[in-house]
Every structure is written in C-alpha cells, then in structure tokens.
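Hi,

Here is the structure I promised to pass on.

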Amino acid sequence: MTIGLSVGVEIAVQALSLSNVDLSAVGFYRLRISCQLEDSSAPNPRGGLGSSAPALPFALILPPDRQREGSRRAAYIDELACAFVTSAVPVAYSEDAQLLEELALFRLEIPLSSLADTQAREGPSVLIAVELLYGKGNAIVEEVDEREPTVEEVRARFSPVVSKTLSFLRPLHCSSEYHPFNGDERHFVHAPLCVSSMLFNVRPTQACNYFT
C-alpha cells in the first residue's frame, strides 16, 4: 500500500462580459466553460500534453438580475459536459457589449507527486476549455408554457461555433489571472475571464496493490 498526499484546489472562473466585435449572425450567444488538470501521463492525440477528466462545477454565483431570468436563457451547470454555461445574451449590433459577471466554482485534486515531474516545481497547469455557443433568436424566445424545460431541451437550442483552450499556469500559488477569449475570424467576440485559485485542503491518497 502506497500513501501519498493530494492538494485540493478550488478554481473560480468568472465570465465578466461578452462583446460583439464582428459576429457573423444575429441571435443569442453564451459561453460554455469547463476545467481540468493538465496531465503529462495522459496521451493527447493532437500532440502536446493530455488532461485529466473535467471537474463538475459545484456552485454558481450570479448577479441578482441574472437570477430572475427565464429558464431558457439563465446560466446553468451542464452535468453531461461537466461545464458551466453562462446566460444567453442577445446580440444584434456590432460592438454591442453585454455584462455577465457570472462565476462558477470547480474543485480539483493535485497529487503532490506531480510536482516532481513539473518544471520549477509549480505543479500542473489547469486547462480551461471555452466554447462560444450560438442559438437562433426565434428558438430562444420564452414560450408561454408552464412546463419547466429540461437541460437537454435548453442545450439543444445552442451549438458551438468557436472552441479554445486557455491555460491557468500556477493553481498552487493561490493567484488570479486575466484571460481574454477572442473567438475567431467568423465569430469575432471578446469575452474576458478572471480565473482565481485557492487551496482548501490536503489529504492522504492511498493506492493499494494486491498480489495473488
């Protein structure tokens, strides 16, 4: 039996705003954000380092005006994708900026043994996958229906149009970093993110080997 230690790290990802610089279509847009550890032992078919399984967000912190939004446009936790999905915001004009100020909390465990395999003993990076989702305007309008829509129905109204991965480099340093998400040539959007980390526990991990 081998006993090791792991550090619990809480990652806060705050989507500050979403600004249309030159989006290709009028409609509703939102961000889908997931969080996972970079893992040098996991192969990546696209090259570079792989990653651990994404962590499920355990809490959302929303401004009061966002909490009152209709269910088809409200922020939510997508358990299937292990992701945080921001509120849907309407975009109709170029250089139109919409405040979000929505925050999701994730918890990750970093094995102390991973420090031996990382340059400068800073620990593995946290990979933050960000997707820009698009939904046509007439598919998002609140319907006169007393039935609460399911997450699957809300998810089906949006499709990803841009995907990027950002790196939060020093999660063990209890630091904060600013990360801009800028879309691509067809969907030129600016969505600044603030990413922070905090250590919340150190606990033993056990790996048992049984011999026959």
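Below is what turned up in the cores and the cavity.

First, keep in mind that this is a predicted model.

Let's start with the nonpolar cores. The largest one has 37 residues, and I11, L18, L31, I128 and L132 have the most contacts inside it. At least two residues of this core come from each of β1 (2-23), β2, β7 (89-91), β8 (97-111), β9 (126-135), β10 (159-168) and β12 (187-207). The top contributor is β1, which gives seven residues.

Leaving out residues up to four places away in sequence, I11 touches C35, A104, L105, F106, L108, V126, F168, P171, V195, S196 and S197.

Now the cavity. The structure holds one cavity of 30 Å³ or more, and the space in the largest cavity comes to about 40 Å³. Which residues line the largest cavity? They are R30, R32, Y76, L133, V154, R155 and F158. Sorted by class, that lining has four nonpolar and three charged residues, with no polar ones. Two elements, β2 (27-43) and α3 (151-156), each supply at least two of the lining residues.

Cheers

Terms used. Residues numbered from 1 in each chain as written. Predicted model: local features only at pLDDT ≥ 70, side-chain atom pairs only at ≥ 80, totals over all residues. Heavy atoms only, no water. 1 Å grid on protein atoms, 1.4 Å probe; cavity = no way out; pocket = protein on both sides within 12 Å on 5 of 7 lines; lining within 4 Å. Points joined across faces, edges and corners; volume = space filled by probe spheres on them. Helix = DSSP H or I, 4+ residues; strand = E, 2+ residues; numbered from the N terminus. Nonpolar A, V, L, I, M, F, W, Y, C, P; charged D, E, K, R; others polar. Core = buried A, V, L, I, M, F, W, Y, C linked by side-chain atoms within 4.5 Å. Buried < 20%, exposed > 50% of the residue type's maximum accessible area, 1.4 Å probe, protein only. Contact = heavy atoms within 4.5 Å.
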